[in-house]
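Good morning, colleagues. Please look at the model on the screen while I take you through its pocket, its aromatic pairs and its nonpolar core.

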Amino acid sequence: MTINDAVFGELEFNGYDWIGRKTIDFFAEEVIVSLMIRGEEDGQFEEEQYSTYNSFFANWNELQQDISASLLEYYKQTRRDLGYNVEDNENYPLIEKNDQLLDKITLVGMFIADKDLMEILDIGLMFDCTWDSENGLGICFVQGKITEVGYQDVVI
């Protein structure tokens, strides 16, 4: 089943979520991401999903700075935890600045939760990254604040 939502655009139901595509300007680069919206087969979304989505993008420019800073801190911590701050590893090079990190990540997905999840996650972003192609990166947001950074599976 396919619908064309006024806010989310063209979506197809996969049995659990509605899936579509969205073009996002991420640090002056246009990227096309998978847009996943939790919802029922009837295609009726909750008002909270619309307001969360609209609020998120109303603050997108500021949020990008928070995203890159949080991802950089997560990377540095992971690198330390694995001992690569002592012993070099080509998959985990020394990265100290946001622009160095941005060269190693790609925004690939966005998840919009329903009311049942909104206390722990209302929006999640998923990234592919060069140092962990299997697990990638995920960032969880609640009311525009980053609540968790980890593998992509923290988002869904």
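I begin with the largest pocket, which holds about 190 Å³ of space. A pocket here is an open set of points on a 1 Å grid where a 1.4 Å probe fits, with protein on both sides within 12 Å along at least five of seven lines; lining residues have an atom within 4 Å of a point. This is a predicted model, in which local features need pLDDT of at least 70 and side-chain atom pairs count only at pLDDT 80 or more, while totals for chains, interfaces and linings use all residues. Residues are numbered from 1 along each chain as its sequence is written, and side-chain values use heavy atoms, with hydrogens and water left out.

The lining of the largest pocket consists of Phe26, Phe27, Glu29, Val31, Leu102, Asp103, Ile105, Thr106 and Leu107. Strand 4 (29-38) and strand 5 (105-112) are the elements that give two or more residues to this lining; strands are DSSP runs of E, at least two residues long, and helices are runs of H or I, at least four. Strand 5 provides the largest share, 3 residues.

I turn now to the aromatic rings. The whole structure contains 17 aromatic pairs, that is, rings with centres within 6.5 Å, called stacked if the planes are under 30 degrees apart, edge-to-face if over 60 and tilted otherwise. One of them is the stacked pair of phenylalanine 8 and tyrosine 50, at 5.0 Å centre to centre and 15° between the planes. Phenylalanine 8 is in the loop between strand 1 (2-5) and strand 2 (9-13), and tyrosine 50 is in helix 1 (residues 47-58), so this pair ties together parts 42 residues apart in sequence. Phenylalanine 8 is buried at 4% relative accessibility, where buried means under 20% relative accessible area with a 1.4 Å probe, protein chains only.

Phenylalanine 26 and phenylalanine 127 form a tilted pair, 5.7 Å centre to centre with 55° between the planes. Phenylalanine 26 belongs to strand 3 (residues 17-26) and phenylalanine 127 to strand 6 (residues 123-129), so the pair links parts 101 residues apart in sequence. Phenylalanine 127 is buried, at 0% relative accessibility.

Finally, the largest nonpolar core has 38 residues, and Phe127 is among those with the most contacts inside it. Such a core is a set of buried Ala, Val, Leu, Ile, Met, Phe, Trp, Tyr and Cys residues joined through side-chain atoms within 4.5 Å. Helix 2 (60-81) gives the most to this core, with 7 residues.

How values were computed
Points joined across faces, edges and corners; volume = space filled by probe spheres on them. Phe/Tyr/Trp six-rings, centres within 6.5 Å; stacked < 30°, edge-to-face > 60°. Buried < 20%, exposed > 50% of the residue type's maximum accessible area, 1.4 Å probe, protein only.
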